[in-house]
Amino acid sequence: MNQKLKGYTVQEATKKIESYCAYQDRCHKEVVSKLKDMGMIPLVVDTIIAQLIEDRFLNEERFAKSFARGKFNIKKWGKNRIVRELKFRDISKYNITTALKEIEPEAYLTTLDDLAHKRLQQITETNIQKRRKKLADYLLYRGWESHLVYEKLQELIK
């Protein structure tokens with residue numbers, strides 16, 4: 001089955017992408033991918049990207065900051081996971097560093113504590129070593145730094 005791509009003019013594509021960016025902050029990679037999916041040629045993609053940046057629809061620093069805040073506050077991700085996801089989206093080191101400053105150190109540690117306590121109550125394992133491993137795996141998967149995770153394990157499981 002051959003699916004026919006809808007043809008877009010540059011103006012139509014620009015309007016569509018503007019609303020795509022207005023709905024939520026996007027990174028350059030997502031927008032470029034969307035434009036390519038719409039069948040736009042590289043020259044047009046570059047032109048539209050430049051226009052979006054100029055009109056402030058596209059801003060990598062703003063994207064990185066809101067991404068970091070959102071993933072921390074809503075999904076309770078640690079900094080390692082946030083950094084990994086931002087790198088995957090080709091965000092610059094400078095913007096990643098700026099984004100991490102959006103997370104308050106006190107809130108960060110409080111969230112780790114709450115997450116660890118909540119998860120520990122859900123673990124039914126009776127063997128202490130296995131309990132420690134399950135909690136550590138869970139927290140590390142969510143991107144919490146290993147030294148913080150192991151300090152929390154020492155504190156919670158004796």
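1. Val83 lies in helix H5; helices here are DSSP runs of H or I with at least four residues, numbered from the N terminus. The model is a predicted one, in which local features need pLDDT of at least 70, side-chain atom pairs count only at pLDDT 80 or more, and totals for chains, interfaces and linings use all residues. Residues are numbered from 1 along each chain as its sequence is written, and side-chain values use heavy atoms, with hydrogens and water left out.

2. Is Val83 buried or exposed? Val83 counts as buried because its relative accessibility is 18%. The cut-offs are these: buried means under 20% relative accessible area, exposed means over 50%, and partly exposed is in between, with a 1.4 Å probe and protein chains only. Leaving aside neighbours within four places in sequence, Val83 is in contact with Ile96 and Leu100, where contact means heavy atoms within 4.5 Å. Between the C-alpha atoms of Val83 and Ala68 there are 8.4 Å in space, and the two are 15 residues apart in sequence.

3. H5 covers residues 79–88, and its buried residues are Arg81, Ile82, Val83, Glu85 and Leu86. An α-helix has 3.6 residues a turn, so residues three or four places apart point the same way. Just after H5, Asp90 has a positive phi of about 60 degrees.

4. Helix H6 is the next point. Its buried residues are Asn95, Ile96, Thr98, Ala99 and Leu100, and their cover includes H4 and H5. Thr98, placed in H6, counts as buried because its relative accessible area is 11%. Not counting residues up to four places away in sequence, Thr98 touches Glu61 and Lys65.

5. Trp77 belongs to the loop between H4 and H5. Trp77 counts as buried because its relative accessibility is 8%. What does Trp77 touch, not counting residues up to four places away in sequence? The residues are Phe67, Lys71, Phe72, Ile82, Glu85, Arg142 and Trp144.

6. Most residues other than glycine have a negative phi, and most peptide bonds are trans. Lys76, in the loop between H4 and H5, has a positive phi near 60 degrees. Lys76 counts as partly exposed because its relative accessibility is 32%. Arg56 sits in the loop between helix H3 (42–54) and H4, and its phi is also positive, near 65 degrees. Arg56 counts as exposed because its relative accessible area is 59%.

7. Turn now to the start of the chain. Two packed helices are described by the angle between their axes and the distance between the axes. Helix H1 (residues 10–23) packs with helix H2 (residues 28–37) at an angle of about 145 degrees, and the axes are 11 Å apart. Axes are lines fitted to C-alpha atoms, for helices over the stretch in contact, and angles run from 0 to 180 degrees between N-to-C directions. On the H1 side, Ile17, Tyr20 and Cys21 meet Glu30, Val31, Lys34 and Leu35 of H2. The residues of this contact divide into five nonpolar, no polar and two charged. In this scheme Ala, Val, Leu, Ile, Met, Phe, Trp, Tyr, Cys and Pro are nonpolar, Asp, Glu, Lys and Arg are charged, and the others, Gly among them, are polar.

8. Glu12 is also in H1. Glu12 is partly exposed, because its relative accessible area is 38%. The C-alpha atoms of Glu12 and Met40 are separated by 11 Å, and the residues are 28 apart along the chain.

9. The last point is the largest pocket, which holds about 170 Å³ of space. On a 1 Å grid over the protein atoms alone, where a 1.4 Å probe is fitted, a pocket is an open set of points with protein on both sides within 12 Å along at least five of seven lines, and lining residues have an atom within 4 Å of a point. The volume is the space filled by probe spheres set on the points, with grid points joined across faces, edges and corners. The lining consists of Gln24, Asp25, Phe63, Ser66, Phe67, Gly70, Lys71, Ile74 and Lys75. These lining residues divide into three nonpolar, three polar and three charged.

Conventions:
Helix = DSSP H or I, 4+ residues; strand = E, 2+ residues; numbered from the N terminus.
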